[in-house]
Amino acid sequence: MKLCMIGTGYVGLVSGVCFSDLGNQVICVDKDLAKINKLKNGIIPIYEPGLEELVKKNIKNKRLNFSNNLKESIKKSDIIFICVGTPTKRNSSNADLKQIYNVAKELSKSINKFKIIITKSTVPVTTGDTIENIISKKNSKKKFSVLSNPEFLREGEAIRDFIYPDRIVVGSNDTKSNKILKNLYSPLIAKGANYLNTSRRAAELIKYASNAFLATKITFINEIANLCEKTNINIDDISIGMGLDQRIGGRFLRAGPAYGGSCFPKDTKAITSTGDNFKTNLTVIKSVIKSNEDRSKLLLKRVYEILNNKIKNKKISFLGVTFKANTDDMRDSSSLKMIPALSKKGALIRYYDPTGFKKEFKKHKNVNYSDTIIKCLYKADLIIIHTEWNDFKSLDFKKLVKNKKIMIFDMRNLYSPKKMIKKNLKYFSVGRGL
Ligand code: UDX
């Protein structure tokens with residue numbers, strides 16, 4: 001089939017490349033010409049394991065093209081996926097749908113034959129209705145159909161999550177378009193993916209409700225970890241003990257720093273906004289947002305305690321600064337709160353991240369990037385393991401750190417407290433007793 005992906009971010013680019021790898025003809029469109037030119041040459045603007053080779057393979061097989069001519073790309077395609085950003089509006093909880101509506105206006109001028117128009121971006125409930133109204137101002141409703149097909153891709157695992165999804169959700173009451181979508185996804189359904197057809201609004205809400213629930217699960221285990229610290233219990237035992245209950249499940253029960261990323265923070269806010277707009281107070285999710293926002297302050301307090309509140313001139317080394325491993329994404333990473341706060345208190349901070357230098361820390365005093373782990377840890381007073389990169393999972397700290405009294409705050413519980421104490425290291429972690 002002939003597909004057009006509008007927007008070449010984490011969602012549009014990964015979905016477009018994977019659709020082309022399934023044998024479809026795909027045009028990925030972006031208004032950023034520089035980005036399009038890089039993509040045409042196989043240069044990928046995002047860090048996503050496995051993406052580069054998939055892009056190059058499908059460009060070579062002439063199934064994947066890039067363009068910054070939106071009108072022309074829409075006219076050439078039968079199925080249009082809207083994959084533009086829906087960030088949180090400044091000083092608000094609402095999703096900013098400016099880009100979505102601009103695309104809808106462009107689409108309404110480019111309906112040269114029947115089009116299936118699909119929102120893959122995460123959009124609030126009723127956005128599909130609004131898109132339909134915008135397009136029907138200039139086109140008969142017989143000439144197009146608007147569906148919701150939310151993505152469930154985790155950064156760093158996006159290709160795997162596309163090829164082996166737990167479920168494909170398609171929201172539409174238009175049987176003809178549903179059949180076409182089911183056919184498009186048939187290779188994944190053949191591999192065992194569940195295919196769920198719902199109303200359009202239900203599909204829009206499934207996405208938000210899923211992310212809000214995952215954020216709730218993480219925040220829940222983080223709060224239980226706080227209790228474990230006061231009762232000298234190991235949170236790992238709780239996560240396993242709870243997770244063995246099929247109704248709970250063991251995934252997303254790893255205690256750590258505040259959750260971040262481009263989705264959980266924005267989606268939890270947006271769904272509470274939708275609730276408020278429809279006079280339904282989503283109190284659980286509001287408390288999750290508050291609890292997660294407080295978590296960085298809580299972990300910072302732990303850092304101050306570990307350093308006996310003597311922060312000035314203390315050498316603090318961060319291992320990992322992205323919001324999670326296997327991504328270069330810094331959006332809402334808890335390091336963006338912790339590092340500036342420590343720098344303001346006079347700490348001398350070095351950070352190492354496998355994805356390199358971060359411009360976000362450029363303006364902060366005494367915050368420097370080290371391009372190797374050894375340089376980052378050299379003579380550190382306190383090592384903070386912030387992100388669970390594999391690179392950090394079997395370090396010989398004694399050899400790496402030229403400092404007798406090594407202290408480690410492992411925010412991702414990568415190491416065993418018993419083994420670290422045996423090595424005479426002052427080891428702190430999350431939810432594992434005092
Ligand atoms: C999320 C959803 O998982 C995905 O389905 C959706 O499409 C987009 O948003 P992503 O934001 O890429 O994906 O990352 P995810 O792996 O979900 O992690 C989100 C945050 O939760 C990260 O900060 C991560 O460190 C944290 N997390 C995750 C935990 O703290 N503990 C866990 O057990 C899992």
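In the predicted model, helix H2 is followed by Gly-42, whose phi is positive, near 75°; helices here are DSSP runs of H or I with at least four residues, numbered from the N terminus. At the start of H2, which spans residues 33–40, a side-chain oxygen of Asp-32 comes to within 3.1 Å of the backbone nitrogen of Ala-34. Residues are numbered from 1 along each chain as its sequence is written. Because the model is predicted, local features need pLDDT of at least 70 and side-chain atom pairs count only at pLDDT 80 or more, while totals for chains, interfaces and linings use all residues, and side-chain values use heavy atoms, with hydrogens and water left out.

The ligand is surrounded by 18 residues, the closest being Glu-155, Lys-207, Gly-260, Lys-324 and Arg-412 (a residue is near if one of its heavy atoms lies within 4 Å). By class, this shell has 9 nonpolar, 2 polar and 7 charged residues, with Asp, Glu, Lys and Arg counted as charged and Gly among the polar residues. Helix H10 (residues 200–231) gives the most to the shell, with 3 residues.

Among the pairs of N or O atoms within 3.5 Å, which define polar contacts, an oxygen atom of the ligand is 2.8 Å from a side-chain N or O atom of Lys-207, and an oxygen atom of the ligand is 2.9 Å from a polar backbone atom of Gly-260. A nitrogen atom of the ligand lies 3.0 Å from a backbone N or O atom of Arg-254. Taken alone, the ligand exposes 660 Å², of which the protein buries 96% (Shrake-Rupley method, 1.4 Å probe).

Conventions. A polar contact is a pair of N or O atoms within 3.5 Å; within protein, one must be able to donate a hydrogen and the other to accept it, and residues adjacent in sequence count only if both atoms are side-chain atoms. Helices (H or I, at least four residues) and strands (E, at least two) are DSSP runs, numbered from the N terminus.
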